[in-house]
Amino acid sequence: MFFFAFIPLGIIFGRFKFNLNNFLLSFIGYTSPYNAEWWYVKYYCIFMLILPVLYLIDYFLNKKVHYIVTSITYVMLFVLFTVFYDKLLFIENFAVYLCFLSGMACVSLNLFDNLENLYIKMRWVKYLIAIVLILFVVILRMVFSSDCTYDYLFMPVLVFNICIFLKSGIFKKTVNKVLFFIGRYSMYIWLTHTFFAYYYFQSFIYFFRYSILIFIICMLCSLACGIVLDFIHKKVSALFLRKDKRT
(Lines give C-alpha, C1' and ligand atoms only; values in the text may rest on other atoms or scores of the structure.)
Protein backbone atom coordinates (compact mmCIF):
# COMPACT_ATOMS: atom_id res chain seq x y z
CA MET A 1 0.00 0.00 0.00
CA PHE A 2 2.73 2.51 1.01
CA PHE A 3 4.93 1.47 -1.87
CA PHE A 4 2.28 1.82 -4.58
CA ALA A 5 1.02 5.08 -3.10
CA PHE A 6 4.35 6.92 -3.23
CA ILE A 7 6.92 5.29 -5.54
CA PRO A 8 4.89 5.32 -8.82
CA LEU A 9 3.91 8.91 -8.03
CA GLY A 10 7.58 9.87 -7.77
CA ILE A 11 8.39 8.09 -11.03
CA ILE A 12 5.48 9.76 -12.88
CA PHE A 13 6.53 13.26 -11.74
CA GLY A 14 10.21 12.64 -12.42
CA ARG A 15 11.32 12.55 -8.79
CA PHE A 16 12.68 9.02 -9.31
CA LYS A 17 14.01 7.25 -12.40
CA PHE A 18 12.40 3.91 -13.15
CA ASN A 19 14.71 0.91 -12.95
CA LEU A 20 13.11 -2.54 -12.92
CA ASN A 21 15.82 -4.05 -10.70
CA ASN A 22 15.58 -1.24 -8.14
CA PHE A 23 11.80 -1.28 -8.31
CA LEU A 24 11.54 -5.01 -7.54
CA LEU A 25 14.23 -5.02 -4.83
CA SER A 26 12.64 -2.01 -3.16
CA PHE A 27 9.21 -3.64 -3.37
CA ILE A 28 10.34 -6.66 -1.33
CA GLY A 29 12.25 -4.40 1.10
CA TYR A 30 15.73 -5.64 0.20
CA THR A 31 17.04 -2.19 -0.78
CA SER A 32 15.75 1.37 -0.43
CA PRO A 33 16.90 3.34 -3.51
CA TYR A 34 13.79 5.54 -3.55
CA ASN A 35 13.84 6.51 0.11
CA ALA A 36 17.13 6.29 2.02
CA GLU A 37 15.24 6.42 5.31
CA TRP A 38 13.42 3.20 4.39
CA TRP A 39 16.49 1.10 5.28
CA TYR A 40 14.60 -0.33 8.26
CA VAL A 41 11.94 -1.94 6.03
CA LYS A 42 14.40 -4.74 5.24
CA TYR A 43 14.75 -5.55 8.93
CA TYR A 44 11.02 -5.22 9.51
CA CYS A 45 10.46 -7.90 6.86
CA ILE A 46 13.16 -10.12 8.39
CA PHE A 47 11.60 -9.83 11.85
CA MET A 48 8.13 -10.60 10.48
CA LEU A 49 9.56 -13.84 9.06
CA ILE A 50 11.32 -14.71 12.34
CA LEU A 51 8.32 -14.07 14.62
CA PRO A 52 6.22 -17.11 13.56
CA VAL A 53 9.21 -19.38 14.27
CA LEU A 54 9.66 -17.91 17.75
CA TYR A 55 5.95 -18.18 18.52
CA LEU A 56 5.96 -21.78 17.28
CA ILE A 57 8.76 -22.61 19.73
CA ASP A 58 6.76 -20.96 22.52
CA TYR A 59 3.71 -23.04 21.59
CA PHE A 60 5.48 -26.36 22.16
CA LEU A 61 6.97 -25.41 25.53
CA ASN A 62 4.94 -25.48 28.74
CA LYS A 63 5.00 -22.34 30.90
CA LYS A 64 7.62 -23.46 33.42
CA VAL A 65 10.00 -24.94 30.84
CA HIS A 66 9.38 -21.98 28.53
CA TYR A 67 10.31 -19.47 31.22
CA ILE A 68 13.51 -21.30 32.19
CA VAL A 69 14.63 -21.98 28.62
CA THR A 70 13.91 -18.49 27.31
CA SER A 71 15.48 -16.84 30.36
CA ILE A 72 18.71 -18.79 29.97
CA THR A 73 18.72 -18.28 26.20
CA TYR A 74 18.22 -14.51 26.35
CA VAL A 75 20.75 -14.04 29.13
CA MET A 76 23.36 -16.05 27.21
CA LEU A 77 22.68 -14.17 23.98
CA PHE A 78 22.89 -10.76 25.62
CA VAL A 79 26.14 -11.68 27.40
CA LEU A 80 27.69 -13.06 24.19
CA PHE A 81 26.53 -10.12 22.07
CA THR A 82 27.76 -7.59 24.62
CA VAL A 83 31.17 -9.25 25.10
CA PHE A 84 31.77 -9.80 21.39
CA TYR A 85 29.92 -6.70 20.16
CA ASP A 86 32.94 -5.21 18.35
CA LYS A 87 33.59 -8.48 16.52
CA LEU A 88 29.98 -8.70 15.35
CA LEU A 89 29.86 -5.24 13.82
CA PHE A 90 30.46 -6.77 10.39
CA ILE A 91 26.74 -7.65 10.52
CA GLU A 92 24.95 -4.68 8.98
CA ASN A 93 23.00 -2.68 11.59
CA PHE A 94 23.72 -5.30 14.23
CA ALA A 95 22.30 -3.06 16.98
CA VAL A 96 18.86 -3.34 15.34
CA TYR A 97 18.86 -7.12 15.84
CA LEU A 98 19.77 -6.58 19.50
CA CYS A 99 16.81 -4.22 19.93
CA PHE A 100 14.50 -6.82 18.38
CA LEU A 101 15.91 -9.49 20.70
CA SER A 102 15.41 -7.17 23.66
CA GLY A 103 11.76 -6.64 22.72
CA MET A 104 11.20 -10.38 22.31
CA ALA A 105 12.75 -11.00 25.73
CA CYS A 106 10.32 -8.53 27.32
CA VAL A 107 7.35 -10.25 25.65
CA SER A 108 8.45 -13.86 26.15
CA LEU A 109 9.35 -13.38 29.83
CA ASN A 110 6.34 -11.13 30.48
CA LEU A 111 8.70 -8.61 32.07
CA PHE A 112 6.47 -5.54 31.80
CA ASP A 113 3.48 -7.21 33.50
CA ASN A 114 5.67 -8.61 36.28
CA LEU A 115 7.29 -5.24 36.89
CA GLU A 116 3.93 -3.48 36.81
CA ASN A 117 2.63 -5.80 39.55
CA LEU A 118 5.65 -4.77 41.61
CA TYR A 119 5.12 -1.08 40.88
CA ILE A 120 1.42 -1.20 41.87
CA LYS A 121 2.39 -1.94 45.47
CA MET A 122 4.49 1.25 45.61
CA ARG A 123 1.60 3.71 45.11
CA TRP A 124 2.91 7.25 44.48
CA VAL A 125 6.56 6.15 44.95
CA LYS A 126 6.41 4.37 41.57
CA TYR A 127 6.12 7.74 39.79
CA LEU A 128 9.22 9.03 41.55
CA ILE A 129 11.13 5.88 40.59
CA ALA A 130 9.87 6.20 37.00
CA ILE A 131 11.05 9.83 36.74
CA VAL A 132 14.50 8.92 38.11
CA LEU A 133 14.89 5.97 35.71
CA ILE A 134 13.71 7.99 32.69
CA LEU A 135 16.20 10.77 33.45
CA PHE A 136 18.90 8.19 34.14
CA VAL A 137 18.41 6.52 30.75
CA VAL A 138 18.26 9.84 28.88
CA ILE A 139 21.48 11.08 30.51
CA LEU A 140 23.29 7.80 29.88
CA ARG A 141 22.17 7.82 26.24
CA MET A 142 23.46 11.38 25.76
CA VAL A 143 26.75 10.93 27.61
CA PHE A 144 27.92 7.40 26.81
CA SER A 145 26.28 6.52 23.50
CA SER A 146 25.87 8.77 20.47
CA ASP A 147 24.36 5.93 18.41
CA CYS A 148 22.05 2.98 19.10
CA THR A 149 24.77 0.66 20.45
CA TYR A 150 23.15 0.21 23.86
CA ASP A 151 19.54 0.93 22.94
CA TYR A 152 18.65 -2.71 23.52
CA LEU A 153 19.25 -2.00 27.23
CA PHE A 154 17.98 1.59 27.35
CA MET A 155 14.69 1.30 25.47
CA PRO A 156 12.85 -1.30 27.62
CA VAL A 157 13.58 0.77 30.74
CA LEU A 158 12.49 4.00 29.03
CA VAL A 159 9.33 2.56 27.46
CA PHE A 160 8.16 0.78 30.62
CA ASN A 161 8.57 3.82 32.86
CA ILE A 162 6.87 6.15 30.37
CA CYS A 163 3.96 3.68 30.30
CA ILE A 164 3.69 3.95 34.09
CA PHE A 165 2.66 7.57 33.61
CA LEU A 166 0.45 6.85 30.60
CA LYS A 167 -1.53 4.31 32.64
CA SER A 168 -2.23 6.80 35.40
CA GLY A 169 -5.71 8.33 35.74
CA ILE A 170 -4.82 11.78 34.38
CA PHE A 171 -3.29 10.48 31.15
CA LYS A 172 -6.03 7.89 30.58
CA LYS A 173 -8.63 10.63 30.18
CA THR A 174 -6.56 12.96 28.00
CA VAL A 175 -3.25 12.02 26.37
CA ASN A 176 -4.08 8.34 25.91
CA LYS A 177 -7.10 9.07 23.73
CA VAL A 178 -4.90 11.07 21.37
CA LEU A 179 -2.18 8.41 21.44
CA PHE A 180 -4.68 5.62 20.73
CA PHE A 181 -6.02 7.54 17.73
CA ILE A 182 -2.52 8.23 16.34
CA GLY A 183 -1.49 4.67 17.16
CA ARG A 184 -4.11 3.32 14.74
CA TYR A 185 -2.18 4.99 11.92
CA SER A 186 1.35 4.73 13.37
CA MET A 187 2.53 2.27 10.72
CA TYR A 188 1.44 4.65 7.97
CA ILE A 189 3.11 7.61 9.72
CA TRP A 190 6.30 5.60 10.22
CA LEU A 191 6.57 4.65 6.56
CA THR A 192 5.39 7.87 4.92
CA HIS A 193 6.69 10.80 6.98
CA THR A 194 10.09 10.89 5.24
CA PHE A 195 8.43 11.32 1.86
CA PHE A 196 6.84 14.52 3.13
CA ALA A 197 9.96 15.73 4.96
CA TYR A 198 12.61 14.95 2.33
CA TYR A 199 11.22 14.03 -1.08
CA TYR A 200 7.87 15.47 -2.16
CA PHE A 201 6.85 18.47 -0.06
CA GLN A 202 10.11 19.53 1.56
CA SER A 203 9.74 23.23 0.71
CA PHE A 204 6.24 23.28 2.22
CA ILE A 205 7.19 21.35 5.38
CA TYR A 206 10.28 23.46 6.13
CA PHE A 207 8.53 26.72 5.24
CA PHE A 208 7.39 26.88 8.89
CA ARG A 209 11.04 27.26 10.04
CA TYR A 210 10.59 26.34 13.71
CA SER A 211 11.30 22.73 14.67
CA ILE A 212 8.11 22.21 16.64
CA LEU A 213 5.96 23.59 13.80
CA ILE A 214 7.83 21.49 11.21
CA PHE A 215 7.23 18.41 13.35
CA ILE A 216 3.52 19.18 13.78
CA ILE A 217 2.95 19.87 10.07
CA CYS A 218 4.86 16.74 9.01
CA MET A 219 2.92 14.68 11.56
CA LEU A 220 -0.43 16.06 10.38
CA CYS A 221 0.41 15.39 6.72
CA SER A 222 1.53 11.84 7.52
CA LEU A 223 -1.53 11.25 9.71
CA ALA A 224 -3.91 12.53 7.04
CA CYS A 225 -2.18 10.33 4.48
CA GLY A 226 -2.47 7.39 6.88
CA ILE A 227 -6.21 7.93 7.34
CA VAL A 228 -6.74 8.00 3.57
CA LEU A 229 -4.56 4.93 2.92
CA ASP A 230 -6.23 3.02 5.75
CA PHE A 231 -9.65 3.85 4.29
CA ILE A 232 -8.57 2.63 0.85
CA HIS A 233 -7.04 -0.52 2.36
CA LYS A 234 -10.27 -1.37 4.19
CA LYS A 235 -12.38 -0.79 1.08
CA VAL A 236 -10.10 -2.93 -1.10
CA SER A 237 -9.97 -5.68 1.54
CA ALA A 238 -13.77 -5.66 1.87
CA LEU A 239 -14.08 -5.92 -1.92
CA PHE A 240 -11.89 -9.02 -2.06
CA LEU A 241 -13.72 -10.57 0.91
CA ARG A 242 -17.03 -10.17 -0.93
CA LYS A 243 -15.55 -11.87 -3.98
CA ASP A 244 -14.29 -14.78 -1.83
CA LYS A 245 -17.74 -15.24 -0.28
CA ARG A 246 -19.39 -15.32 -3.72
CA THR A 247 -16.99 -18.01 -4.94
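I began with Ser102 and found that, leaving out residues up to four places away in sequence, it touches Phe78, Tyr152 and Pro156, where contact means heavy atoms within 4.5 Å. I note that this is a predicted model, in which local features need pLDDT of at least 70, side-chain atom pairs count only at pLDDT 80 or more, and totals for chains, interfaces and linings use all residues. Residues are numbered from 1 along each chain as its sequence is written, and side-chain values use heavy atoms, with hydrogens and water left out.

I then looked up where Ser102 sits, and its place is in helix H5, residues 94-108 (helices are DSSP runs of H or I, at least four residues, numbered from the N terminus). Ser102 is buried, with a relative accessible area of 5% (buried means under 20%, with a 1.4 Å probe and protein chains only). Its side chain reaches the backbone oxygen of Tyr152 at 2.7 Å.

Next I turned to the largest nonpolar core, which has 14 residues, and those with the most contacts inside it are Phe47, Tyr74, Phe78, Phe100 and Met104 (such a core is a set of buried Ala, Val, Leu, Ile, Met, Phe, Trp, Tyr and Cys residues joined through side-chain atoms within 4.5 Å). Helices H3 (40-59), H4 and H5 each supply at least two residues of this core, and H5 gives the most, with 7 residues. A second, separate core of 12 residues includes Ala197, Ile205, Ile214 and Cys225.

Last, I checked Phe47, which touches Val96, Tyr97 and Phe100 when residues up to four places away in sequence are not counted, and Met76, whose place is in helix H4, residues 63-83.

Definitions and conventions
Buried means under 20% relative accessible area, exposed over 50%, partly exposed in between (1.4 Å probe, protein chains only). A polar contact is a pair of N or O atoms within 3.5 Å; within protein, one must be able to donate a hydrogen and the other to accept it, and residues adjacent in sequence count only if both atoms are side-chain atoms.
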